[in-house]
Amino acid sequence: MTFANVILQWFKKNGRDLPWRGTRDPYRIWLSEVILQQTRIVQGRDYWLRFVERWPTAHDLALASEDEVLRMWQGLGYYSRARNLHHAAQQIDQMGHFPDTLEGIRSLKGVGDYTAAAIASMAFDIDVAVVDGNVYRVLARHYGIDTPINTTQGKRLFTELAQSLLPQGMAAAFNQGMMDFGAMMCTPRSPQCSECPLAETCDALHTRRVDDLPVKLKTTQVKERAMQYVYIRCKGQTAIHRRPSGDIWQGLYEPLMIENRPLPSFDGQLTLLRQGVKHVLTHRILLADFWLLETEVKPDLPSDYFWISETDLDRYAVPRLVEHLLDCLAKYTEKTKYK
Ligand code: SF4
């Protein structure tokens, strides 16, 4: 049996039953792909259901405000995905329909080769292979390829190989089969080789290189940033600002944040809620201190900060680190309420 036939047969029996699998609607498929880019399926599924309920079409999403979309996205991280999604919905709305060619889909903001191939094959039956982390792993192991997957040469090699294996007219099932096979059988750690229908022809298994493949070059350096958050409580109000472009969490809101300099002196009582909270992002480790300033006098703040009622805070999308600060604050407020 050919490689593709093994995958197709396996997929028929074992493929995951996911809510977006039953649709050919490119908008819904696109949404699932964007949500799942850095998110586990269990968590992503709930977000997907909420998104399609609130905005059933790209047109509906295009009409939403960016703040609404970010608020809905809150908790998923990597917020540029949400901003791109919103922007692309507006592009689709202007086009009058979802683009139905690979190039057209690729022209949407934030849509790379992988997402374009996934939408094109699953919504429009275009014969294009999807290459995601699962596919790299299955191919690298089965064919015993040690070219690093995060190099131009590696990307080209694996894309060409996946494309050459793709059975004509079966792109949707083959691509989903490859991804599920990588996620369920040929997993990064402890793959199910003893149950694997590809075991007989698997190069990595026969050469004892399963744990060594695929190869990935270490490239990025992780930077550390120290941040001090000061939540100001002044007569039932607090101050926040919207994070500017050119840095993490663009468009999200946060309380007073001080970085690379000591805390200024404030009127009122300053309480340290938590110290050295570690928050890991892709290329950064953030170390944050959480402070509460209780004061009767509004301190001078940079001009982009504005005051809101504390009870309105949940209308603003905040990064997960700030959610953590708000949890600490709620616990502290509860503890000191009756003192
Ligand atoms: S035999 Fe093991 S390593 Fe090879 S494809 Fe199957 S699960 Fe992956």
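Biologist: How many helices and strands does the secondary structure of the protein chain come to?
Modeller: Residues are numbered from 1 along each chain as its sequence is written, and side-chain values use heavy atoms, leaving out hydrogens and water. The model is predicted: local features need pLDDT of at least 70, and side-chain atom pairs count only at pLDDT 80 or more, while totals for chains, interfaces and linings use all residues. Helices (H or I, at least four residues) and strands (E, at least two) are DSSP runs, numbered from the N terminus. The chain comes to 13 helices and seven strands.

Biologist: What share of the 339 residues counts as buried?
Modeller: Accessibility is computed with a 1.4 Å probe on protein chains only. Buried means under 20% relative accessible area, exposed means over 50%, and partly exposed lies in between. Of the 339 residues, the buried share is 47%.

Biologist: Into which domains is the protein chain divided?
Modeller: The bounds come from an automatic or database domain assignment. They give domain 1 (3-212) and domain 2 (223-336).

Biologist: How many residues does each domain bring to the contact?
Modeller: The centres of domain 1 and domain 2, taken over C-alpha atoms, are separated by 36 Å. Contact means heavy atoms within 4.5 Å. Domain 1 brings 11 residues, and domain 2 brings 15 residues.

Biologist: Which three residues supply 45% of the area that domain 1 buries against domain 2?
Modeller: Buried area is the accessible area (1.4 Å probe) that two parts lose on being put together, summed over both. Domain 1 and domain 2 bury about 970 Å² between them, with 39% of it on carbon and sulfur atoms. On the domain 1 side, more of the area comes from these three than from any other three residues: Arg71, Gln74 and Tyr79.

Biologist: Which residue forms a salt bridge with Arg242?
Modeller: A salt bridge is a side-chain nitrogen of Lys or Arg within 4 Å of a carboxyl oxygen of Asp or Glu. The count between domain 1 and domain 2 is two salt bridges. For Arg242, the closest N and O atoms are 3.2 Å apart, and the partner is Glu66.

Biologist: Is Asp180, the partner of Arg16 in a salt bridge, buried or exposed?
Modeller: The closest N and O atoms of Arg16 and Asp180 are 2.7 Å apart. Arg16 lies in the loop between helix H1 (3-14) and helix H2 (26-36), while Asp180 lies in helix H11 (residues 171-184), 164 residues apart in the chain. Arg16 has 26% relative accessibility, so it counts as partly exposed. Asp180 has a relative accessible area of 0%, so it is buried.

Biologist: Why does Asp113 count as exposed?
Modeller: Asp113 forms a salt bridge with Arg106, the closest N and O atoms being 2.6 Å apart. Arg106 is partly exposed because its relative accessible area is 38%. Asp113 is exposed because its own relative accessible area is 57%.

Biologist: Which residues are linked with Arg225 in a network of salt bridges?
Modeller: A search of the whole structure finds 15 salt bridges. Arg225 belongs to a network with Arg243, Asp247, Glu254 and Glu259.
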